[in-house]
Structure formats: C-alpha cells, structure tokens
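Here is a short report on one protein model and its ligand shell. Keep the structure open while reading.

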Amino acid sequence: MSAIETAGLTKRYDGTPAVSDLDLTVHTGEVYGFLGPNGAGKSTTIDMLMDYTRPSAGQATIFGQDVRDDASAIHARTGILPDRFGVYGSLTGREHLDYILDANDATGDPETILGRVGLSDAIDQRAGGYSKGMQQRLGLAMAIAGDPDLLILDEPFSGLDPYGVRLVRDVVAAERDRGATVFFSSHVLDQVERICDRVGLLADGELVAEGTPAELRATAGVESRLHVDTDVDDTALTAVRNVDGVTYVTRTDAGVEIACGAESRYHALNTLADAGAPIRTFNVDTGTIEDAFVAMADAQREATRGRDDA
Ligand SMILES: Nc1ncnc2c1ncn2[C@@H]1O[C@H](COP(=O)(O)OP(=O)(O)OP(=O)(O)O)[C@@H](O)[C@H]1O
C-alpha cells in the first residue's frame with residue numbers, strides 16, 4: 001500500500017489554482033522530496049493532506065485512509081513539522097516534548113529525542129529564547145516523537161546553519177532506516193539530492209516531473225561534464241567531437257572538457273586514447289538537481305504563460 005496517494009487533487013483560491021490536478025504516489029518507506037519554487041503549491045498540498053484545508057476537487061489517501069474522513073486516525077500515525085512552526089515561548093523544550101507525547105498518547109524519552117536534534121543543552125530552557133534554527137529543530141523533535149509511521153515536514157531545512165542541516169539530514173536518514181516514510185518539501189536542493197529516494201517537482205501547482213534525482217537530471221537534459229587531464233592535438237579534438245552524444249568539447253589548462261551523457265562517457269575517453277591523447281586522470285562533474293529544477297520550472301512557467309496568453 002502507498003503511504004500517500006493523491007488523484008486529481010486541486011485547490012483553487014477565488015478561482016485561481018494553487019494546486020492543479022495533482023496525481024502523486026509516495027511509496028511506504030521512501031524519502032520523497034517535494035520540490036518547487038516559492039508559491040508552487042507545496043504548503044497547500046501538505047495542508048490538504050493534513051486536512052487543514054479542503055480540496056476544491058480530487059482526493060487523497062494516507063495509508064489507504066481518506067484524508068478528510070479519517071483525519072484523526074491519520075494524524076495519530078503522522079509526525080508533522082508545519083510551515084511557520086511556532087513554539088510556546090514560555091514552555092521549555094522538555095515541556096514541548098511532554099506535551100506532544102501526552103497529546104498523541106505516545107511513549108518516548110524527551111531527553112533522547114531532543115538529543116537527536118542537538119538540543120540536549122537547552123532542554124530546560126524556555127523555547128521563547130531559542131534561536132530560529134533551534135526552534136525549527138524543536139519542531140522536528142516534536143514531529144519524530146512517538147515514532148510515527150509517516151513524517152510530513154514542510155521546509156525542514158529553513159533557517160538552519162550547516163550544523164542544523166546535517167542534524168536534520170541524519171534524523172531523516174535514521175527515520176527511514178527505522179521504517180518510516182518521509183515526505184518533505186524543500187527548495188534546498190543540495191539536501192534533497194543527498195537524502196531523497198525520489199523527488200517530485202511542482203511548478204505553478206502542477207507536478208512537472210517525478211523520479212530519482214538522477215532520472216530528473218536526465219529528463220531535464222542536464223549533461224555531465226567530463227574533465228580529462230591529457231594533451232590533445234586537433235586530430236584528437238575533432239575525433240571526440242564526432243562521438244555520438246558529445247555536444248560540446250573545449251580545451252582547458254589541464255587538457256579537455258567534454259559535455260556528454262553518461263552513456264557516451266567511455267566512448268569519448270576511448271576515442272581520445274585511440275587518437276593518441278594520454279589519459280592521465282579524469283573526473284566527472286554531473287549536472288546538479290538544481291540545474292534540472294531551474295530548467296523544468298522555467299519550462300513550466302513558459303507553458304503556463306502560453307496557456308494564459310491563448
Ligand atoms: N489562503 C490562501 N488564500 C489565497 N491564496 C493562497 C492561500 N494560500 C496559498 N495561496 C496561494 O497559493 C499559491 C501556492 O502557495 P503555497 O504556499 O502552497 O506555495 P509553496 O510552494 O508552499 O511556496 P513557499 O515555498 O513560498 O512556501 C500561491 O500563489 C499562494 O499565494
């Protein structure tokens with residue numbers, strides 16, 4: 001059974017679509033990154049999944065249960081870090097954990113849970129005095145309290161320094177290893193690439209691509225660059241330019257840079273060697289998911305503009 005399934009999920013505000021006809025499947029046990037630029041509709045989707053707002057059309061299920069009809073049963077299995085998470089300023093970190101464990105009728109040790117998000121030293125301080133990053137980490141601690149089956153995290157990396165980012169990443173990995181499903185929204189692409197099994201890219205309320213980070217790079221036509229430490233003459237340069245799948249070749253200080261897909265890489269290297277270029281070392285610079293993200297979001301904006309103009 002899927003952890004999350006949506007069919008035609010749509011939300012319109014005053015007739016303007018915030019989320020359009022969203023068909024999404026998140027498999028049980030995976031880490032799914034829900035990406036999109038500002039205003040793409042990520043929080044609106046999460047709000048519909050959590051029944052904080054009602055869809056204009058379509059439906060969604062979590063672990064097979066309808067998000068509207070079975071909201072409380074779903075909430076009992078789900079840890080949520082909401083958008084704009086706010087602390088109770090007068091309560092300590094420990095008291096936040098006591099509260100959430102009690103509210104969810106769950107068991108857990110506040111000290112252990114807060115230790116996982118790096119808040120051991122601040123456990124008995126009032127959360128109103130926490131920095132923004134500490135408050136965010138407290139929100140994450142509340143989400144994981146009680147070992148929920150599903151974590152829904154809205155922008156878990158926002159406001160975090162590199163130390164906080166690392167902690168969140170480690171927590172997400174540990175939760176997945178425990179068997180939880182993790183669904184999180186983000187535009188911190190570097191993190192997404194590192195921890196997601198699959199990624200969905202939302203732009204203007206529409207899911208424009210879905211797949212593993214590698215698949216997304218390929219779909220967007222993001223090429224890898226092959227940097228070869230060698231000596232090339234014009235013959236070798238011409239030979240490698242003629243290799244199928246090679247789109248661009250240029251000389252560099254160390255030798256040559258070649259743009260091509262993964263499937264052409266070894267053919268390009270062999271061609272250089274056959275043309276007498278000594279291959280001393282080489283490295284591959286794969287296009288980032290950020291490149292894919294920007295390319296697809298731009299394409300979607302163009303498509304939306306085209307529809308609006310028509
Ligand atoms: N309550 C509301 N009333 C009217 N419009 C809304 C409301 N909530 C969201 N929207 C609009 O819906 C669209 C999607 O917003 P949403 O907050 O879901 O995007 P997001 O992807 O989460 O963005 P961000 O990354 O900036 O948080 C935006 O155009 C936003 O202005």
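The sections below go from the overall layout to the sheets, the helices, the ligand shell and the later strands.

## Overall layout

This is a predicted model. The protein has 310 residues, and 40% of them are buried. Its secondary structure comes to 11 helices and 14 strands. Along the principal axes, the C-alpha atoms fill a box of roughly 75 × 55 × 35 Å.

Take the contacts between residues at least 6 apart in sequence: 70% of them join residues at least 24 apart.

Leu35 has Leu201 of strand 9 opposite it.

The axes of helix 5 and helix 6 are 11 Å apart, at an angle of about 10 degrees. Angles under 35 degrees count as roughly parallel, so helix 5 is roughly parallel to helix 6.

Helix 5 contributes Gly133, Arg137, Leu140 and Ile144 to the contact. Helix 6 contributes Gly164, Leu167, Val168, Val171 and Glu175. By class, the residues of this contact are five nonpolar, two polar and two charged.

A second open sheet has four strands, ordered 2-1-4-5, with antiparallel pairing. Strand 2 (16-27) and strand 5 (65-66) stand at its edges. Each has a single partner strand, so one side of each lacks a neighbour in the sheet.

Strand 1 (residues 2-13) and strand 4 (residues 57-62) run antiparallel and are joined by five bridges. Ala7 has Gln59 in strand 4 as its bridge partner.

Which residues are around the ligand? They are Tyr13, Ala18, Gly36, Asn38, Gly39, Ala40, Gly41, Lys42, Ser43 and Thr44. The shell divides by class into three nonpolar, six polar and one charged residues. Helix 1 (residues 42-49) gives the most to this shell, with three residues.

Is helix 1 largely enclosed or largely open? Eight of its eight residues are buried, so helix 1 is largely enclosed by the rest of the structure. The buried residues of helix 1 are Lys42, Ser43, Thr44, Thr45, Ile46, Asp47, Met48 and Leu49. Among them, Lys42, Ser43 and Thr44 are also around the ligand. Asp51 follows helix 1 and has a positive phi, near 60 degrees.

Strand 13 (residues 255-260) pairs with strand 11 (residues 224-229) through six bridges, and the two run antiparallel. His227 stands opposite Glu257 in strand 13. Strand 12 also runs antiparallel to strand 13, with five bridges between them. Here Val246 stands opposite Cys260. A hairpin of three residues joins strand 12 to strand 13.

Asn242 lies in the loop between helix 9 (234-241) and strand 12 (246-251). Is Asn242 buried or exposed? Asn242 has 10 C-beta neighbours inside 10 Å, so it counts as exposed; the cut-off for exposed is 12 or fewer. Asn242 and Gly129 are 113 residues apart along the chain, and their C-alpha atoms are separated by 63 Å.

Terms used
Residues numbered from 1 in each chain as written. Predicted model: local features only at pLDDT ≥ 70, side-chain atom pairs only at ≥ 80, totals over all residues. Pairing = 2+ DSSP bridges. Near = placed C-beta within 6 Å. Nonpolar A, V, L, I, M, F, W, Y, C, P; charged D, E, K, R; others polar. Axes fitted to C-alpha atoms, helices over the stretch in contact; angles between N-to-C directions. Parallel < 35°, antiparallel > 145°, perpendicular 65-115°, else oblique. Contact = placed C-beta atoms within 7 Å. Buried ≥ 20, exposed ≤ 12 C-beta atoms within 10 Å, placed from the backbone.
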